[in-house]
Amino acid sequence: MAEDFAETGSTVDAQANGLDAGPQLGMLTQYVKDLSFENPNAPAVYQWQEQPQIDVQFNIGTVSPAEGVHEVAMKIEVRAVASGNTAFALELVYAGLFAAQNVPEEMLHPFLYAEAPRLLFPFARRIVAETIRDGNFPPLLLDPIDFGSLYQQQTAQAAALAGAEPAGQA
């Protein structure tokens, strides 16, 4: 069996004492960091006939609370307004802790801003839907988001802005 492995020409660089120098990424935990739901016009809001306009905003942020550990926080804000009055407002900050070891910065940044939010989103989506439903409104099922494409767009925009000529003289 050992001879078969040696004959394949495969090279596995096993480190002494189980040390591994290869890149490793993993989710440690996920949690609700902040959750707020406001229903400021209850009970009158339940008599309104007009469909509210719903505005959804996302923001992704990261911090590093310890060496090799990164917190990725997804902030979701939802506001429903009808006739200039707020039907409901929700703010959720859903976060996850991710461990990263031996990962180059050029690989870590896309992971933290594209892949980690993709992993967190289904759980945050469920919390948004259930919280709004618990406020006696129809649940809001957020459409899936392609965080990879968004990351690429924002990276391209940042690169374009970095290479742009200044608008004036200071």
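Me: How much of the protein chain counts as buried?
Reply: Of its 170 residues, 26% are buried, where buried means under 20% relative accessible area, exposed over 50% and partly exposed in between, with a 1.4 Å probe and protein chains only. This is a predicted model, where local features need pLDDT of at least 70 and side-chain atom pairs count only at pLDDT 80 or more, while totals for chains, interfaces and linings use all residues. Residues are numbered from 1 along each chain as its sequence is written, and side-chain values use heavy atoms, with hydrogens and water left out.

Me: OK, and what pattern does the chain follow along the sequence?
Reply: It reads α-β-β-β-β-α-α, with three helices and four strands. Those are DSSP runs numbered from the N terminus: helices are H or I with at least four residues, strands are E with at least two.

Me: Which residues of the largest nonpolar core touch the most other members?
Reply: Met74, Ile76, Val78, Phe88, Leu92, Val128 and Ile132, out of 28 residues in that core. A nonpolar core here is a set of buried Ala, Val, Leu, Ile, Met, Phe, Trp, Tyr and Cys residues joined through side-chain atoms within 4.5 Å.

Me: Where does the largest share of this core come from?
Reply: Helix 2, with 10 residues. Strand 3 (69–82), strand 4 (85–101) and helix 2 each supply at least two.

Me: What is valine 78 in contact with?
Reply: Leaving aside neighbours within four places in sequence, its contacts are Ile54, Asp55, Val56, Phe88, Ala89, Leu90, Val128, Ile132 and Leu140. Contact means heavy atoms within 4.5 Å.

Me: Switching to histidine 70: buried or exposed?
Reply: Buried, at 13% relative accessible area. Histidine 70 lies in strand 3 and touches, among others, Val63, Pro65, Phe98, Leu108 and Leu112, not counting residues up to four places away in sequence.

Me: Now the helices. At what angle do helix 2 and helix 3 pack?
Reply: About 150°, with the axes 9 Å apart, for helix 2 (residues 105–134) and helix 3 (residues 147–162). Axes are lines fitted to C-alpha atoms, for helices over the stretch in contact, and angles run from 0 to 180 degrees between N-to-C directions.

Me: Which residues make the contact?
Reply: His109, Pro110, Tyr113, Ala114, Pro117, Arg118 and Phe121 from helix 2, against Phe147, Gly148 and Tyr151 from helix 3.
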